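Here is a friendly tour of one chain, arranged so that you can follow it with the viewer open. Please keep the sequence and the model side by side as you read.

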Amino acid sequence: MTLNLCVLTPNRIVWDSEVKEIILSTNSGQIGVLPNHAPIATAVDIGILRIRFNDQWLTMALMGGFARIGNNEITILVNDAEKSSDIDPQEAQQTLEIAEANLRKAESKRQTIEANLALRRARTRVEVINMSS
């Protein structure tokens, strides 16, 4: 038995295929989803989506959004998403270093909040690469 997973951003369809299982980062922690999961709608955190596809695990960086699960269908609508295979490791590491520097330089509360969000996104992208290698 499988699940139909669809990962959407405002600009594109990142994933639309049947999978065996997923592990999703939500605002209240990680949830595992197998076939016949109870129907839920949940907020998706900045974090890693793990997908079991053809007996191997794939990873994807998600940048916050919402997920709807029901009738063996999962729809994830996020601000942005990147498969680990689409992330350039050097660019991701540089982005992380810039985000860390921006956080150190932040002076106002707004700059600190924005820098923290950028740092979370950058860390997630690096973690996705590290999980897949």
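UniProt annotations may be inferred rather than shown by experiment, and their positions are given in the numbering used here. With that in mind, the unreviewed UniProt entry places a "coiled-coil region" at residues 89-116. The model itself is predicted.

- Over residues 89-116, the "coiled-coil region" of the UniProt entry, the chain is 89% helix and 0% strand.
- The end C-alpha atoms of residues 89-116 lie 21 Å apart.
- UniProt also lists "domain: ATP synthase epsilon subunit C-terminal" at residues 86-129, again from an unreviewed entry.
- Residues 86-129 are 86% helix and 0% strand in the model, with 9 Å between the end C-alpha atoms.

**Helix H1**

- Helix H1 spans residues 89-105 and has 17 residues.
- From its first C-alpha to its last, H1 reaches 25 Å, close to the 24 Å expected at 1.5 Å a residue.
- Which residues of H1 are buried? They are Ala92, Leu96 and Ala99.
- These three cover an arc of only 65 degrees around the axis, which puts them on the same side of H1.
- The buried residues of H1 pack against H2.
- Gln90, Arg104 and Lys105, on the other side of H1, are exposed.

**Helix H2**

- Helix H2 (residues 109-132) has 24 residues, and its reach of 35 Å from first C-alpha to last is close to the 34 Å expected at 1.5 Å a residue.
- The buried residues of H2 are Ala115, Leu119, Ala122, Thr124, Arg125, Val126, Val128 and Ile129.
- What covers the buried residues of H2? The cover includes helix H1 together with strands S5 (40-53), S6 (56-70) and S8 (81-83).

- In soluble globular proteins, nonpolar side chains tend to be buried together.
- The largest nonpolar core here has 20 residues, and those with the most contacts inside it are Leu5, Val7, Ile22, Leu49, Met60, Leu62 and Ile76.
- At least two residues of this core come from each of strands S1 (3-8), S2 (13-19), S3 (21-26), S5, S6 and S7 (73-78).
- S6 gives the most to this core, with four residues.
- A second, separate core has 13 residues, including Ile46, Ile48, Ala99 and Val128.
- Valine 7 touches Arg12, Ile13, Val14, Trp15, Leu49, Met60, Leu62, Ile76, Val78 and Ala81, leaving aside residues up to four places away in sequence.

- How many of the six residues of S3 are buried? Six of the six are, so S3 is largely enclosed by the rest of the structure.
- In a regular strand the side chains alternate between the two faces of the sheet.
- Both faces of S3 are covered, with Glu21, Ile23 and Ser25 buried on one side and Ile22, Leu24 and Thr26 buried on the other.
- S3 pairs with S5 in the antiparallel sense over four bridges, and isoleucine 22 has isoleucine 51 as its bridge partner in S5.
- S3 and S4 also run antiparallel, joined by five bridges, and glycine 32 in S4 is the bridge partner of isoleucine 23.
- A hairpin of two residues joins S3 to S4.

- Threonine 42 touches Leu24, Thr26, Gly65, Phe66 and Ala67, not counting residues up to four places away in sequence.
- Threonine 42 and valine 128 are 86 residues apart in sequence and 22 Å apart in space, C-alpha to C-alpha.
- Asparagine 36 sits in the loop between strand S4 (29-33) and S5, and its phi is positive, about 65 degrees, although asparagine 36 is not a glycine.
- With a relative accessible area of 56%, asparagine 36 is exposed.
- Asparagine 72, in the loop between S6 and S7, has a positive phi of about 60 degrees and is not a glycine either.

Note on methods:
Residues are numbered from 1 along each chain as its sequence is written. This is a predicted model: local features need pLDDT of at least 70, side-chain atom pairs count only at pLDDT 80 or more; totals for chains, interfaces and linings use all residues. Side-chain values use heavy atoms; hydrogens and water are left out. The expected span of a helix is 1.5 Å times one less than its number of residues. Buried means under 20% relative accessible area, exposed over 50%, partly exposed in between (1.4 Å probe, protein chains only). Contact means heavy atoms within 4.5 Å. A nonpolar core is a set of buried Ala, Val, Leu, Ile, Met, Phe, Trp, Tyr and Cys residues joined through side-chain atoms within 4.5 Å. Two strands pair if DSSP finds at least two bridges between them. The arc is that of the directions from the helix axis to the C-beta atoms.
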